[in-house]
Amino acid sequence: MKLRKSEMAAIGSGRGTMDSQNQVQSDTVDRLKLLYPNVNEEETPLPRAWSTKDKFSYIGLSQNNLRVHYKGGTQGPGRRPHLPYLHLRLWMYRHGKTHRDAASVRATHPIPAACGLYYFEVRIVSKGRDGYMGIGLSAHGVNMNRLPGVGRFPPGWDKHSYGYHGDDGHSFCSSGTGQPYGPTFTTGDVIGCGVNLVDNTCFYTKNGHHLGIAFRGLPPNLYPTVGLQTPGEVVDTNFGQQPFVFDIEDMLKELRARTRVAIDEFPLPDEQGQWQQVLHRMVSTYLVHHGYCSTAQAFSRATGQPIDEDIASIKNRQRVSKLVLAGRVGEAVETTRRLWPGLLERDPDLLFLLKCRQFVEMVNGTDCEASEDGANGVATSVISHTGRPHKRSNGVAADAAEEGGGRDVDMAPAANGDHEEADASSQRASVERMLAFGRELYAMSQKLSQDLYHKSMLEDAFSLLAYSNPWDSPVGWQLEPVRREAVCDALNSAILESQGMQWSSPVEACVSHARSLLRRMSRAALGACAFADLSALLAR
Amino acid sequence: MQQFTVFMDIESSRSYIDELYSSDAVKVMEALVTLKNSVIGSNRQKSSVISQGVVPRLLQLMSEESLDPNIRLEATITIGSLAKGTPENIESLIEKGTATALVEMLKTVPLGSKLAEAALCALRSIFSHKPAPVDALPADMRLLTRLTQIAREDSQEARTSVIRVLAVWCSGTVEQEALTCAGACSAAAAMLVVPPRSVPSPSRLVPALELLAAMCFKNPNVAQVALNTRHGDKSIPELLMCLVSRDKPLVVALKAAKCLTFLQRAGALPADDSRIVFGALPCLARLCTKENTEDIRASAAEVLAYLTEVDTSLQRLAAISNHLMSSLADIVNCQSAAAKQGAFKCFASLGANDEDIRKMIIETHGLMVHVVNGLNNPDPCVSLAAVRCLHSLSRSVQQLRTTFQDHAVWKPLMQLLNDSPGPELLNVGSSTLCNLLLEFSPAKEPMLDQGAVEMLCNLTKMSDPALRLNGIWALMNMAFQAEQKVKQRILCCLGTEQMFRLLGDSDTRVIMKMLGLLRNLLSTRQHIDAIMSEYSSQVMQAVIVVLEGSYPAEVKEQALCILGNIGDGEKSKDLIMANEDVLRKLVDYLAHPESKLQEAALFVAGNLVWRGEAGAAARQQRLADLGVLRALKLLRASHHAAHLHDKVKTALAQFNEFT
């Protein structure tokens, strides 16, 4: 179907290839993650199947708990209640004929508010004897195996319970009498149930056609629910693992656009109204913070923004940052010691971080122990000793290319030095220095507080030595130049803090503030958080 | 004070207006700029300048190719500014030939120039006036090709202007075909592309969508071309499909759904095409909901009415889509005539074929009251739409018996039809009347009292065959199992002359219904004799006219059935027996190759020979003499008439003395 294709394409293009790289099993895409990107499943898991516990006993589950069938109470003599004969006849007569036979099942988890728009589809495999089926939502806590007549009815018959029934097409909202809502449904139909967590409304679809809003003012934390009532009724469920019949992407787009308009048109109080000024200030401080010195100067000339920091100080930070980003951590440490004496001594954690990185860069071949060897600029790697000299130079060349492409314009790729082959004795010496450095590093770690973070950092770094080709190893990610950025940021922040300035730039503070607000919204069941796409807003 | 400023304006303007006519180009230029600046944004200044007779000079400055291009440009911009004034301003501009002058100019000005853009802009303003001077733009292929080239390649402003002009201009088949030949489809398609991540702009998309809709409307050829026109990797329907999605501006979605609808109705897309079923239809149903503005809802209902007019599956789908019924019922409550009209039309379309949908419509809360109110609406468009709705609903037998009676819908309907209605209203109204007059309808009696017979008889005299048909059809329905006085009244009112005129009607359906009326009039025995005693010669003559004339078999069958009915009358039998001509024809028809005529003739013969009635023996004798008996025996022996054998046997059994 055409619609499905476009939906797939939209989802596929919206999320970059980075995601699939990070995923362990990149061949099986989790469609649910794509549908509900803002849901943190560690906090609020998505419904992915029917619950084997939260159901009435007349309900049977199969096919990964996605197929629901009505098995009733006649699944064997053991299930029949022990009753006198006449009562038993009455029981059997009633069985499957009255509402008392209705039985429901809830999904494993309630719908997270951060879905924004939640949707699932149920295909009627068989309408069974009478087709008394209900599809909808219900709150947690209704005991589905209560006394007959109270709690085990199809959705829509209990408190905080909402359902659309197949036999009459009515909608039921926590009551015994339904409202005319839509067409009836039967074998072969696909019924969809959508929850708009921004407006707190619920709608249904039949075979991909929107039937209109059924319920308004829904409470939070509802579970997808189906109820069956007569023998032979079987339904299959799609919680989003498969493409939907209905074009849900179209509605998602609408809500995203709506949220964006709401953000754009949000009225601002007058006293905070000087936006041009505020934005210029943010840009300027960002540039200064990260040491984009000449850009910051040009920007300040154009907009008349004052720069609070001494230009020489910015240039110094820029120099140190460049060294770290080029992988020349040893030099960076030395420079820092010279320019800001006492800084690293006061912050052993930072020093440890830098030294760890320095070790990694030594493996990488981009750093040598700066104190002794920095002057002759020979880059060394262990690899040349493990019998694969060419591999090393290849690795470095690739790094240089990546650096050129991935870095900000202001940071010209640092020269990697001449990688001419050093003679064997010098190489051996440098390896020994590296091992000595490692021992020093270990001794240093012993003095620090023994937390998991430091420990695993050191372990990861040392693990590089265990592989003949560390670039291709499971710990090879450490060698990627992009890993230098975090170290660079930490050093930069520490320098700024020591100079009595803010350790993070206002832009970044603003972004992380917004991000944590979104998390709070998600916890407070405000569905609009699903559609505030922070990175898209920033990209504008 | 006021007077003083007016005086000042005229005084100050006079000097530079004089300089417009100067031969010094510099002075003319200065005057033009002053004039342009003075009229921008001021309708009063525009009117004043026009009344001073400057327009012809401006047109001259604009069109003169030998002049400095800057002068021409300033003159054109000034004209464009004047064209943004009041409707009166535009009218006087049109009178002075501005539209023609602009079109002439467009033939020669270089594409992509500022001058072309200014001219198009002015022309667009003039064409947005109603009525637009469409005649100023001839269907000249060279000109149109040039315009569509602008629409494809020029600046954004020029493209939008030219497309808007063409959209207004395209009002008939000739224009549709001409524009298609000139390549307007691909020009429109190019405008429909929304680059990813950009906000779709209605000012760019709407004119292109309007042009496309105007071109495809009821034109299968153009629609087919549009279907196969592609821009980039997408065909026009695919581009439209992108535009009906929920994140697009409502007016864009509405116009895109309209284009898809027109493509479907013009036969380019099947009714079950996914772009109709999952694109246009749900979009329109969504636009009808309460959240939207009244004009969007009104237009959406109107388009949806057109989309669902004929196809039953689309009607069923629309009926369950997004609570359409209650949305429409709510639109009926809106104040504007357009909204009421749209909603009634949509109800009419939805209820056209399916009984269940009619039931849903009727059960929609309070709808019938609105329909009745709609019939009384002073706006003829609304009352017409209400009648259409009523007509659709009147196809339901159940409604005729219950709801219609409860609301006495016939009253306002009769009033509308008696109140010099327009041809369209008369047509739909009389069709509705036809249904209301069916035998089981309780509205029949009161309608008679309101002069229904006279009105219907008048309808049969109309020049429009559809109206004649409705009139005679309604009379036929009315006469079915009616009381004798009603029948007398019909006969009396219609008159024998009109009866014969209708039998000679050019439309066979009218003749059929006329004969049907006669059959219904000549039903039960007492009625037959009573009517025949008065109208025997006319009726017999009518029957003979039909039997002898060159009519199709089903018409002759009706005539024979009338004869059969007459043969059922007690005294009327003799009228047939006395007419040897008719009897000989009867023998011929018994041997007719057309089996339904044989059957009808058999029915006549059977009635005439029926035993146990006075004079049966004599009739049997006479019929046997004329060869009826022989014809019947032949019929019994015939293999082709096997299905008639039972009836033949019954008839022959009456003749037992002769067999």
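## Burial in helix H12 of chain B

A residue is termed buried when its relative accessible area is under 20%, exposed when that area is over 50%, and partly exposed in between (1.4 Å probe, protein chains only). Helices (H or I, at least four residues) and strands (E, at least two) are DSSP runs numbered from the N terminus. In helix H12 of chain B, the buried residues are B:Ala184, B:Cys185, B:Ala187, B:Ala188, B:Ala189, B:Ala190 and B:Met191. Helix H12, which spans residues 184–191 of chain B, is thus mostly covered, with 7 of its 8 residues buried.

## Basis of the model

This is a predicted model, in which local features need pLDDT of at least 70 and side-chain atom pairs count only at pLDDT 80 or more, while totals for chains, interfaces and linings use all residues. Residues are numbered from 1 along each chain as its sequence is written, chains are lettered from A and ligands numbered from 1 in the order in which they are written, and side-chain values use heavy atoms, with hydrogens and water left out.

## The sheet of chain A

Chain A contains an open sheet of 7 strands, in the order E1-E4-E13-E6-E7-E8-E9, with antiparallel pairing. Strands E1 (50–55) and E9 (179–180) of chain A stand at the edges; each has a single partner strand, so one side of each is left without a neighbour in the sheet. Two strands are taken to pair if DSSP finds at least two bridges between them.

Within chain A, strand E4 (residues 103–107) runs antiparallel to strand E13 (residues 222–228), and 4 bridges join them. A:Ala103 has A:Leu228 of E13 as its bridge partner.

## A:Ser300 in helix H7

Helix H7 of chain A (residues 293–303) includes A:Ser300. This serine, A:Ser300, is buried, with a relative accessible area of 16%. Leaving aside residues up to four places away in sequence, A:Ser300 touches A:Gln305 and A:Ile307, where contact means heavy atoms within 4.5 Å.

## The interface between chains A and B

In this interface, 13 residues of chain B are in contact with 16 residues of chain A. The two chains bury about 1,500 Å² between them, 60% of it on carbon and sulfur atoms; buried area is the accessible area (1.4 Å probe) that two parts lose on being put together, summed over both.

The count between chain B and chain A is 1 salt bridge, a term for a side-chain nitrogen of Lys or Arg within 4 Å of a carboxyl oxygen of Asp or Glu. The side chains of B:Arg246 and A:Glu254 meet in a salt bridge at 3.3 Å, N to O. Helices H15 (236–243), H17 (274–287) and H19 (312–320) of chain B are the elements that give two or more residues to the side of chain B that touches chain A. H17 of chain B gives the most to that side, with 3 residues.
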